Each structure stands twice: as structure tokens, then as C-alpha cells.
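Colleague: Could you walk me through this model? I'd like the overall picture, then some detail.

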Amino acid sequence: MSGPADRSAPTPLVLTGNSRLVIIDVQDRLLAAIDGAEQVVARCELLARAAHRLGIPLAATDQNPAGIGPTTARLATLVPLRFSKVHFAASNQGDFLAWAAGGGTVLLCGTEAHICVLQTALGLTGLGLKVAVVVDAIGSRHPSDKAAALDRLRHHRVELVTAEMVVFEWLERYDRPEFKELLRLVK
């Protein structure tokens, strides 16, 4: 029987050593049409900066970069590892899938919530990977599409989190040297 001190029991927390972050298709030509695009980019940036500072594996995907362009400049410098894709579900891309299956919870943020984020989340969970979607760091052209995506993700038991939840779960404690720096980013 496990008790509160038994750290071997599985935890639903997104701990630093047990997660990786994916920024999906945050490309300028897509962003121009996304409802709440500034918040999506800001929350993705917060997560990317925290992941970078804490040594969490981080990657981005670009849907048809020749036609739509690369990851937006605001994030591109923070995310050196990027996967070009032709599938809406990044989980159908072999190189991305090999990286995503490297261990831990795969945290997804980006656009569009009801297309690439949704299909990637469902694809990864269908392959047995643990997935969480950062709800305040995803967007769609229409709020109703984002809402439908969240309902569907919830129905398929994909964990829904916020950027601030993730940062504080990655930190775990206030006495870490990175705490004050990341707290400034959250505020």
C-alpha cells in the first residue's frame, strides 16, 4: 500500500524530468486568422522560455513551411528543433513521432486547436503516449472550433492544463534558483 511519502506511485503532475513541449504550427500566416493570437503566442513563449531554462525537451512543428512560412520569429529563436509536416497530425510524421515517444508527457500548444493540435493529441494518445494540451496556449480561427476541440479532447481523456499550471509543476518548489526568474515571466 502506498502512502504520501511513496514517490514511486505514478503522479498526474507534469514533472520536469518527465515531459516534453511541442509548439504546433505557430506560423505568421496562420496567426493572422487566429482568434486571440497574441495570447497564444505569449503563452507559447512563456512555456518555451521555461522549458529552455529548465532543460525540458522542446520542439516545434511547421505545417507546409514552403507555403505558410516557418515558426513565427518570436518563438523560432527559442525552439531550435523543428519538424516540417505534411500531415495535420504530427503523430503521423515518423521523425516527430520518434522524438515525441522519447518519454514523459507530451505537452501540446499552438494552432489550430481543432485541427493540428486535436489530431496530434488524439494520434499520440492512440499510440499509448501521455498527452496534455495547454488550453490557454492554443487557438483556432473561431472560438466555437476551439471549444469543440476542448470538448472532444476531454471526451478522449486528454489532460487539459494551463501554462501557469505547467510552469509551477515543472518547478515543483519555490526554493529552486529558477523560481524568481520564471515567476517574473508568469506575471
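**Overall picture**

Modeller: Buried residues make up 48% of the 187 residues in the protein; buried means under 20% relative accessible area, exposed over 50%, partly exposed in between (1.4 Å probe, protein chains only). This is a predicted model: local features need pLDDT of at least 70, side-chain atom pairs count only at pLDDT 80 or more, and totals for chains, interfaces and linings use all residues. Residues are numbered from 1 along each chain as its sequence is written, and side-chain values use heavy atoms, with hydrogens and water left out.

Colleague: How many helices and strands does the protein have?

Modeller: There are 9 helices and 6 strands. Helices (H or I, at least four residues) and strands (E, at least two) are DSSP runs, numbered from the N terminus.

Colleague: What radius of gyration does the protein have?

Modeller: It is 16 Å, which agrees with the value near 16 Å for a compact globule of 187 residues. The radius is taken over C-alpha atoms, and the globule rule is 2.2 Å times the number of residues to the power 0.38. The C-alpha trace spans about 50 × 35 × 30 Å along its principal axes.

Colleague: Switching to helices. At what angle do H2 and H8 pack?

Modeller: About 10 degrees, with the axes 10 Å apart; H2 covers residues 37–54 and H8 covers 163–171. Axes are lines fitted to C-alpha atoms, for helices over the stretch in contact, and angles run from 0 to 180 degrees between N-to-C directions. H2 and H8 are therefore roughly parallel (angles under 35 degrees count as such).

Colleague: Which residues meet there?

Modeller: From H2, they include Arg-43, Leu-46 and Leu-47; from H8, they include Glu-164, Val-166 and Trp-170. Contact means heavy atoms within 4.5 Å. The residues of this contact divide into 10 nonpolar, no polar and 2 charged. Ala, Val, Leu, Ile, Met, Phe, Trp, Tyr, Cys and Pro count as nonpolar, Asp, Glu, Lys and Arg as charged, and the others, Gly among them, as polar.

Colleague: Which residues of H8 are buried?

Modeller: Ala-163, Val-166, Val-167, Glu-169, Trp-170 and Leu-171. Their cover includes H2, strand S5 (131–139) and helix H9 (179–186). Glu-172 follows H8, with a positive phi near 70 degrees.

Colleague: New topic: Leu-81. Where does it lie?

Modeller: Leu-81 sits in the loop between helix H4 (73–76) and strand S3 (82–85). It is partly exposed, at 33% relative accessible area.

Colleague: What does Leu-81 touch?

Modeller: Leu-58, Ala-59, Ala-60 and Trp-99, not counting residues up to four places away in sequence. The C-alpha atoms of Leu-81 and Ala-59 are separated by 4.9 Å, though 22 residues apart along the chain.

Note on methods. Angles under 35 degrees count as roughly parallel, over 145 as roughly antiparallel, 65 to 115 as roughly perpendicular and the rest as oblique.
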